[in-house]
Protein chains: 4
Amino acid sequence: MMLRAENIWVVGGDPRQAALAALLADDGHSVHTYALERGGGMECEPSMDGADRADCVVLPLPASGPEGKLNAPLAAQEHEMAQVLDALRPGQLVCAGMTDRALEDMAAARGLVLRDYFAREELAVMNAVATAEGAIQIAMEELPITLHNARVMVVGFGRLGRALAPRLRALGAQVWVCARRHEQRAAAESMGLGSERLERLSDWLCSYDLVINTVPALVLGVEELAALKEGALVIDLASRPGGVDMEAAAALNVRVIWALSLPGKVAPVTSGRYIKDTIYHIMEESEL
Amino acid sequence: MMLRAENIWVVGGDPRQAALAALLADDGHSVHTYALERGGGMECEPSMDGADRADCVVLPLPASGPEGKLNAPLAAQEHEMAQVLDALRPGQLVCAGMTDRALEDMAAARGLVLRDYFAREELAVMNAVATAEGAIQIAMEELPITLHNARVMVVGFGRLGRALAPRLRALGAQVWVCARRHEQRAAAESMGLGSERLERLSDWLCSYDLVINTVPALVLGVEELAALKEGALVIDLASRPGGVDMEAAAALNVRVIWALSLPGKVAPVTSGRYIKDTIYHIMEESEL
Amino acid sequence: MMLRAENIWVVGGDPRQAALAALLADDGHSVHTYALERGGGMECEPSMDGADRADCVVLPLPASGPEGKLNAPLAAQEHEMAQVLDALRPGQLVCAGMTDRALEDMAAARGLVLRDYFAREELAVMNAVATAEGAIQIAMEELPITLHNARVMVVGFGRLGRALAPRLRALGAQVWVCARRHEQRAAAESMGLGSERLERLSDWLCSYDLVINTVPALVLGVEELAALKEGALVIDLASRPGGVDMEAAAALNVRVIWALSLPGKVAPVTSGRYIKDTIYHIMEESEL
Amino acid sequence: MMLRAENIWVVGGDPRQAALAALLADDGHSVHTYALERGGGMECEPSMDGADRADCVVLPLPASGPEGKLNAPLAAQEHEMAQVLDALRPGQLVCAGMTDRALEDMAAARGLVLRDYFAREELAVMNAVATAEGAIQIAMEELPITLHNARVMVVGFGRLGRALAPRLRALGAQVWVCARRHEQRAAAESMGLGSERLERLSDWLCSYDLVINTVPALVLGVEELAALKEGALVIDLASRPGGVDMEAAAALNVRVIWALSLPGKVAPVTSGRYIKDTIYHIMEESEL
């Protein structure tokens, strides 16, 4: 897709960012890394000198660590975000993941063109694939039964439910989707999945071996948790505050695994590739 | 879902409407039909007398025929829409498919609660399944090769493309999705399909045995049609004005099948069931 | 696969044989056709002169027509099989489909190396794919419901059942496999299909919309046919004598479609390709 | 399936055997356990007294431990196999997994009807499902990429390959099957998988992220291992002596995971259910 070799700086981050740098180099770009000393890949720059000549500077996901620091768990030392940005020139393209207000203000003050790749729909769609695989891995590790023939309830049918439910079914599970809207349930049925209404969730739960929540709202409260059969596993994929009443689960002795940020954990290299593709889209649009 | 037996009138329409009446009766409702004499099912009412006591009156899809008539191809005679509506009472629920301005005005004048079931998202999602099957049937009938191992391009990745492309792939076709937006292509790839950009369509077309268009815009013009390989088949599922330059296709001797309204043609009983489910949702919401 | 250009004669046959000739030529072989005048492809030889220099001579599927004739429905005139074989030389490789005793004797008398490609397992496996598609096409054409959500019984789980049942399920049908042996039912369940015992077939039939038989034995007799629900469709894919008591079906007004030789009918070009691949395997083995 | 409540003794074994006992009790049978004290389920009998009244005695998989002992890792103490069998009566049905010559001789000497459930084809078919899931779990755990879009080579296309390859593909992997016989490759292609010849394995290996061997013969020797790309993972599912030259792999720094007996490890409860179904088949056949 990228016809031209670009000069790209990859700054900070975890193994995804290290994978991103390697993949960009594989594509023929001139890649510089900074604050990725323990990333196991190419040699890092000693400073940000020269970063102002980059066609694109890529900050990690999330971009910011605590107290205004760059998020750089693989760096040899800590770096102030402000110092990183000071090395850039006005008008320069900076791609960052999960930008917050402080970063946006700093970028604006320096005239940088800041783009949040984590806000891009295509990245969310692909991350749902990696999250679905992570959830399947957890289920396989935790359950003493095969997913084949297991009864699985997927709560919610957005991007993540649509990546997850068909995969579970392809592995032979009997999958029901629980969703609030008629068209979501119709979409589930159009894929050959069963569907149930969300408002009656506790009515249906007693026969399931596995319940996977994808809805960022409290959908598994005391009533629902109490309805689960003994030995059932709950995997909660919803971001904070999560979809499960964890206190009630503990009291009821229900096994709940709250799995966050799976793509970076189970498939850092693929996550780096997703980010690369998204960065390309942003660069392409910036050129227009 | 429907806990109570309701009094429902099914008025006019084609075999879908006849199937709808039978399915509603199977569910235990008290069903009356009118203007469906050749529908092959239950005996029709001689007049609309008593229709004002119905909990719901279902008009066909589309509701209106030419010149203000009820769309009633299975009726023994023609009926004026106005006369049909005159038999109803203010406040009565009337479900109709593809309502037009004239019908809406007539309903408003009589104080009827008119609901267009064809505008419901859940019906559109399910109709996409029947349309996908119809397209597959046409492809099987027309091509001298199996879909297994055929190279198929699906243009567009909305509801219809998402129903169609995975089915083709499940049959063993090599399926590429051509879509404009990054997230549509990401969604296609997340399902294991190939993807291409819409703007470069003519570059990719030469190797395909079958091209199915789902986009309601002229996507297959002279340039694209000329790029097709000999013997390739084009199925256009886009509603009027369609997505293919038919004159160019004729001049280039490209075989194009413009297939409209497939659900009612290939699966009238299933279409009736989809409508029934949607009517239930409308009735349920009307009661709240 | 074929590294060398070979001299191949394609003699007699239907559109599959015509497709075979074209595909062999596409692969770079020197191809001669005979008795295929109305095949719509390359120009036919006026006689078998020169056929004795062929690396391989391909007779059609089936090779023989009535009364010792070559099976040549697309030929300008009839040809005696003996005359065709007289043109060949001892030791020459002749590939034919469904050889019978008469042909084998004639070939032996002339010292020809006769190979029956139709007896090859790999061709049977691929033909099962085309047969499965043909059965799906018939079901789509005949049923007023979608295969999605239809209840389908597949009787038998050999090559054909294994090609057919997963395809039906991928289209959203609820598929049960009825098979005699434990391991066949286990194989069906391992693919996520339901399974039932063959000996109790009539117990299960009442709820099915579609029954497809693949077993070459009378499995649908009076008792089973009487158990079917009204409007159910039976597709019999079993070769003669077939698996359905046709008289009983007529008496009970059960709709049965006995569909034989589907690959050549629904996908002649693909059938020609399957034969080509099999011929290559035979030629390769003959060289060893 | 079992219409009558039977008296069944479950003797020795690992968590699969404990799960089996619980599942048999759930089905309404009168179940006794022995030598399963740490199985976490029902209370064990203090001796084999009364076992001679059982309709069926189930020994574990494998039945025998070292030195003529019963295989009973969950037992409170060791038990001699001879003593266990001494408690039974001539003509009694004994189902055991992986019987060896010593056990067969002891059973024959006591007039017992010994049946090896592990030799049953239906169990092998179902065990392939659990093994396939186990292999997928290992691949997910070990690889830094998603299976979606990974390039995977499955070597062999018997029962296990047929369970594994379609599952990998359903997860979005690009799957090729490498098999020796034409009809195996045809079967792979009929399922929409790619296929390659086994004899040229090393030619194809360089582009794969994951190679899974199912063939019980040395298929991955020095040449093949050397052809793998850096970071590729090999999972060997072949029983002893395995399909990988482990010394060569170590020398070449290729990561190989030799995964044996996965069903009992990753899904003991499901494995117990498979055994239960097989025991039922054996009991049913013994009654005829």
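## Interface of chain A and chain C

In this predicted model, five residues of chain A are in contact with five residues of chain C. The two chains bury about 440 Å² between them, and carbon and sulfur atoms account for 36% of that area. On the side of chain A, the residues that lose the most area to chain C are A:His148, A:Arg169 and A:Glu189, which together make up 70% of what that side buries.

The side of chain A that touches chain C consists of three polar residues, two charged residues and no nonpolar ones.

Chain D has an open sheet of six strands in the order E8-E7-E6-E9-E10-E11, with parallel pairing. Strand E8 (194-197) and strand E11 (255-258) of chain D stand at the edges; each has a single partner strand, so one side of each is left without a neighbour in the sheet. From one strand to the next, the twist averages 20°.

One of the pairings is that of strand E9 (residues 210-213) with strand E10 (residues 233-236) of chain D, which run parallel and are joined by four bridges. D:Val211 stands opposite D:Val234 in E10(D).

## Helices on the sheet

Helix H4 (residues 121-142) of chain D lies across E9, E10 and E11 of that chain. Helix H4 runs at about 155° to E10(D).

Helix H6 (residues 182-190) of chain D also packs on the sheet, where it touches strand E7 (174-179) and E8 of chain D. The direction of helix H6 makes about 165° with that of E8(D).

Technical notes: Residues are numbered from 1 along each chain as its sequence is written. Chains are lettered from A and ligands numbered from 1 in the order in which they are written. This is a predicted model: local features need pLDDT of at least 70, side-chain atom pairs count only at pLDDT 80 or more; totals for chains, interfaces and linings use all residues. Side-chain values use heavy atoms; hydrogens and water are left out. Contact means heavy atoms within 4.5 Å. Buried area is the accessible area (1.4 Å probe) that two parts lose on being put together, summed over both. Ala, Val, Leu, Ile, Met, Phe, Trp, Tyr, Cys and Pro count as nonpolar, Asp, Glu, Lys and Arg as charged, and the others, Gly among them, as polar. Two strands pair if DSSP finds at least two bridges between them. Helices (H or I, at least four residues) and strands (E, at least two) are DSSP runs, numbered from the N terminus. Axes are lines fitted to C-alpha atoms, for helices over the stretch in contact, and angles run from 0 to 180 degrees between N-to-C directions.
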